[in-house]
Every structure is written in structure tokens, then in C-alpha cells.
Amino acid sequence: MIAEVKVLNRLGLHARPAALVAQCAARFESSVSLIPSGGEAADAKSILSLLMLGAPCGTVLTLEASGSDEAEAVQALSGLFAGKFDEE
């Protein structure tokens, strides 16, 4: 399952939001990746991989989940991005 998410919080995908994404993704069996336009996929279950994206505010990422609970994973992670990681 594929969806687009946008980094909306002012500080971008820094350590705290990356940790929230990784914790959320880890709750699901599905493999979950975040892919920047023209970039390499980041494992959404790895904080370091997410930080390597260097995604500032306004970055659009492709959220890709594959597995038995992919729909739930996409919904939960999309909600984190839409809610600006509860930072604002």
C-alpha cells in the first residue's frame, strides 16, 4: 500500500519525530519505508535511517507498506505526519 505524506512541522523530521515514526512503524508486522522524491528508501522502523533522509518542513515522502497489516500501518503513520507529530 502506498500513500504520500508531507512533513508539516516547522523543524522537519528531526530526532523526536523520527523516534515517533520508528516506534509507530515497529508496532506493525509489515515492512514500512519512507521514500523522498528521487532518493533512496528509508526503513521507517529505524531512527537512524529516518534521520538520514534530512527531511525539512515541506518535504513530500512516499509512504510504502507491505504486509498483512499494511493498511493499518499507513493509516497510523499518515496520522502522525498530519498531526505534525504533536509539536505545534
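E29 has a relative accessibility of 68%, so E29 counts as exposed; the classes here are buried for under 20% relative accessible area, exposed for over 50%, and partly exposed in between, with a 1.4 Å probe and protein chains only. E29 sits in the loop between helix 1 and strand 2.

Before going on, the conditions. This is a predicted model, in which local features need pLDDT of at least 70 and side-chain atom pairs count only at pLDDT 80 or more, while totals for chains, interfaces and linings use all residues. Residues are numbered from 1 along each chain as its sequence is written, and side-chain values use heavy atoms, with hydrogens and water left out.

Back to E29. Not counting residues up to four places away in sequence, E29 touches K45, S68 and D69, where contact means heavy atoms within 4.5 Å. From E29 to A44 the C-alpha distance is 12 Å, across 15 residues of sequence.

The next residue is S30, found in that loop between helix 1 and strand 2. Is S30 buried or exposed? S30 is buried, with a relative accessible area of 1%. Leaving aside neighbours within four places in sequence, the contacts of S30 are K45, S66, G67, S68, D69 and E70. S30 and A71 are 41 residues apart in sequence, and their C-alpha atoms are 9.3 Å apart.

Now the helix pair. Two packed helices are described by the angle between their axes and the distance between the axes. For helix 1 and helix 3, residues 70-82, the axes come within 9 Å and cross at roughly 165°. The axes are lines fitted to C-alpha atoms, for helices over the stretch in contact, and the angles run from 0 to 180 degrees between N-to-C directions. The crossing of helix 1 and helix 3 is right-handed, that is, the near helix is turned clockwise from the far one by less than a right angle.

Which residues make the contact? Helix 1 contributes L20, V21, C24 and A25, and helix 3 contributes A76, L77, L80 and F81. By class, the residues of this contact are eight nonpolar, no polar and no charged. Here Ala, Val, Leu, Ile, Met, Phe, Trp, Tyr, Cys and Pro count as nonpolar, Asp, Glu, Lys and Arg as charged, and the others, Gly among them, as polar.

The largest nonpolar core has 26 residues, and V21, V32, L34, L50, L53, L77 and F81 touch the most other members. Such a core is a set of buried Ala, Val, Leu, Ile, Met, Phe, Trp, Tyr and Cys residues joined through side-chain atoms within 4.5 Å. At least two residues of this core come from each of strand 1, helix 1, strand 2 (31-36), strand 4 (60-66) and helix 3.

F81, one of those residues, contacts V5, K6, V7, L8, V21, L34 and L61 when neighbours within four places in sequence are left aside. V7 is in the loop between strand 1 (2-6) and helix 1 (15-26), and V7 counts as buried because its relative accessibility is 0%. Beyond four places in sequence, V7 touches several residues, among them G12, A55, C57 and F81. V7 and L61 are 54 residues apart in sequence, with C-alpha atoms 7.9 Å apart.

Last, the segment after helix 3. K84 lies there, is partly exposed at 30% relative accessibility, and has phi near 55°, a positive value in a residue other than glycine. Among the contacts of F85 are N9, R16, L20 and L80, and 7.5 Å separates the C-alpha atoms of F85 and L20, which are 65 residues apart along the chain. D86, also after helix 3, is exposed at 69%. D86 is not a glycine, yet its phi is positive, at about 55°.

Conventions: Helix = DSSP H or I, 4+ residues; strand = E, 2+ residues; numbered from the N terminus.
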